[in-house]
Amino acid sequence: RAVAIADGYKVIGTRDGLFLVNESTGTSRRFVKPEIASNIIFCITHVAPTYYIGTYNGGMYTLDPTTATIAPFTLGEDATTSTISVFAIVADPHGDLWIGASDGLHRLHDGREVARYTSLNSQLPDGNVYEIFFDSTGRGWICTENGMAIWDGSSLRTGHFPNGFVNGMKIRDIIEDREHNLYFAPDRGEIFKSNLELTEFGFIHSGVKDPV
């Protein structure tokens, strides 16, 4: 389900646990229940020297590859975050860590939570937060069960998408190519392509719309 490779280590997440491979020694270590609360690993992000691990219904963990030790990571002051699902862990251009989870969107600064956004306190659409992506302009795309919001550097907004865009769909992945086109992969259906200005866009099977 997830792979991260850095500094001589491979960290691999599966439906049957987490694997740490030390490339210099050729040794490996597997983490499963009860050492971690869930064997299903959704995401892995490396922010040197730590690996951050997101699980299904088991919360979030930090992994120290040099000592092969794993520890629970509690988001905020709420102990119930140990049972949430964590779908995405992404560092923004300023080094803050963003966590997409079943209880909303978490923002961490210097390893501590500074904000949690939900549909009740922001314009974030309701439901699980599946994907977080920061494009080359620094704009953040936050994708949930019921649509997407854009982080503009100070707040989440949903009201500036053009007609015909995929902001109401469940988007599971976003990438940007070298020509600065954005590609949106929905949960079902064709890939959607757009330029950064959101003036040329469309599903790939039907071509790209003319500029508006």
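This is a predicted model: local features need pLDDT of at least 70, side-chain atom pairs count only at pLDDT 80 or more; totals for chains, interfaces and linings use all residues.

User: How much of the protein is buried?
Analyst: Buried residues make up 45% of the 212. The accessible surface comes to about 10700 Å², and carbon and sulfur atoms account for 49% of that.

User: And contacts, what share join residues at least 24 apart?
Analyst: That's 37%, counted among contacts between residues at least 6 apart in sequence.

User: Switching to charges: how many positive and negative ones, and how far apart are their mean positions?
Analyst: There are 17 positive and 26 negative charges, and their mean positions are 6 Å apart.

User: Which residues other than glycine have a positive phi?
Analyst: Asparagine 57 is one of them, with phi near 60 degrees. Aspartate 110 is another, with phi near 55 degrees.

User: Where do asparagine 57 and aspartate 110 lie?
Analyst: Asparagine 57 is in the loop between β6 and β7 (60-64). Aspartate 110 is in the loop between β11 (104-109) and β12 (112-117).

User: Is aspartate 110 buried or exposed?
Analyst: Aspartate 110 is exposed, because its relative accessible area is 68% and the cut-off for exposed is over 50%. Asparagine 57, at 42%, is partly exposed.

User: Let's do aromatics. How many pairs are there?
Analyst: The count comes to 18 aromatic pairs. Take tyrosine 117 and tryptophan 151: their ring centres are 5.7 Å apart and the planes make 55 degrees, so that pair is tilted.

User: Why does the tyrosine 117 and tryptophan 151 pair tie together separate parts?
Analyst: Because tyrosine 117 lies in strand β12 and tryptophan 151 in strand β15 (residues 147-151), parts that are 34 residues apart in sequence.

User: Are those two buried or exposed?
Analyst: Tyrosine 117 is buried at 15% relative accessible area. Tryptophan 151 is buried too, at 4%.

User: What about tryptophan 141 and phenylalanine 165, how are their rings arranged?
Analyst: The centres are 6.2 Å apart and the planes are at 25 degrees, so the pair is stacked. It links distant parts of the chain, 24 residues apart: tryptophan 141 is in strand β14 (residues 140-144), while phenylalanine 165 is in the loop between β16 (156-157) and β17 (171-176). Tryptophan 141 and phenylalanine 165 are both buried.

User: Which residues form an aromatic cluster with Trp141?
Analyst: Trp141 clusters with Phe161, Phe165, Phe184, Phe192, Phe201 and Phe203.

User: New topic, glycine 8. Where is its place, and what does glycine 8 touch?
Analyst: Glycine 8 is in the loop between β1 (2-6) and β2 (9-14). Leaving out residues up to four places away in sequence, glycine 8 touches Val21, Asn22, Glu23 and Ser24. Glycine 8 counts as partly exposed, at 31% relative accessibility.

User: Last one: which strand holds alanine 71, and what does alanine 71 touch?
Analyst: Alanine 71 is in strand β8 (residues 69-73). With residues up to four places away in sequence not counted, alanine 71 touches Met60, Tyr61 and Thr62. Isoleucine 53 is 18 residues away along the chain, and its C-alpha is separated from that of alanine 71 by 9.8 Å. Alanine 71 counts as partly exposed, at 31% relative accessibility.

Definitions and conventions: Residues are numbered from 1 along each chain as its sequence is written. Side-chain values use heavy atoms; hydrogens and water are left out. Buried means under 20% relative accessible area, exposed over 50%, partly exposed in between (1.4 Å probe, protein chains only). Contact means heavy atoms within 4.5 Å. Accessible areas come from the Shrake-Rupley method with a 1.4 Å probe; for residues, only the protein chains shown count as cover. Lys and Arg count as positive and Asp and Glu as negative; His and the chain ends are not counted. The place of a charge is taken as NZ of Lys, CZ of Arg, CG of Asp or CD of Glu. Helices (H or I, at least four residues) and strands (E, at least two) are DSSP runs, numbered from the N terminus. Rings of Phe, Tyr and Trp (its six-membered ring) pair if their centres lie within 6.5 Å; planes under 30 degrees apart count as stacked, over 60 as edge-to-face and the rest as tilted.
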